[in-house]
Amino acid sequence: MRRTELVQELNSEQQAWETLLAEIGHDRMEEAGVAGAWSIKDVVAHLTAWRRRTVGRLEAMAHGRPEPAHEWPAALHEDDEINAWFHERDRDKSVRQTLDESRGVFEQLVSAIEKMPEDSLDHPERFPWMEGAPVTGATFFGHFHNEHEADMRARLSGQPARS
């Protein structure tokens with residue numbers, strides 16, 4: 001995949017994401033119960049926290065540096081523990097701040113990809129954290145699609161979340 005194609009895919013994914021958030025609306029962002037006790041805002045913060053990790057990895061790769069250390073305490077190893085740590089850290093942020101951070105980290109993602117050598121995108125093994133998945137826009141939004149999109153759309157339609 002060419003870098004320009006990947007950036008186009010990412011922008012398309014981001015546009016769909018922003019459309020979903022706009023459909024949900026600011027006034028519903030803090031309603032609990034979308035993913036367990038989490039609100040839409042909590043899900044946005046969660047996705048942003050993990051995307052920030054991806055950005056750090058991509059920037060390191062682009063500059064030939066080792067993968068950066070993670071931001072959570074070293075004693076945390078399981079995803080659920082890490083997610084709880086992210087939630088505790090981010091839960092008091094406003095909806096506006098959470099959305100602004102999400103958008104800013106997306107811009108950092110695109111910037112990091114634009115700095116990568118063109119040929120690196122054709123070699124999924126260079127992205128070990130992606131576990132062999134192809135380097136596509138959908139892959140970078142995969143956790144959202146696989147774990148959170150259905151619950152967010154259910155909230156939008158007034159249906160109960162599946163979790």
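Q: Is F86 buried or exposed?
A: This is a predicted model: local features need pLDDT of at least 70, side-chain atom pairs count only at pLDDT 80 or more, and totals for chains, interfaces and linings use all residues. Residues are numbered from 1 along each chain as its sequence is written, and side-chain values use heavy atoms, without hydrogens and water. Buried means under 20% relative accessible area, exposed over 50%, partly exposed in between (1.4 Å probe, protein chains only). F86 has a relative accessible area of 2%, so F86 is buried.

Q: Which residues is F86 in contact with, leaving aside neighbours within four places in sequence?
A: Contact means heavy atoms within 4.5 Å. With neighbours within four places in sequence set aside, the partners of F86 are A49, W50, E71 and W72.

Q: How many aromatic pairs are there?
A: Rings of Phe, Tyr and Trp (its six-membered ring) pair if their centres lie within 6.5 Å; planes under 30 degrees apart count as stacked, over 60 as edge-to-face and the rest as tilted. By this rule the count is seven.

Q: What is the geometry of the W72 and F86 pair?
A: The ring centres of W72 and F86 are 5.8 Å apart. Their planes stand at 90°, so the pair is edge-to-face.

Q: Which residues form a cluster through ring pairs?
A: W72 is buried, at 8% relative accessibility. Ring pairs join W72 to others in a cluster: W50, W72, W85 and F86.
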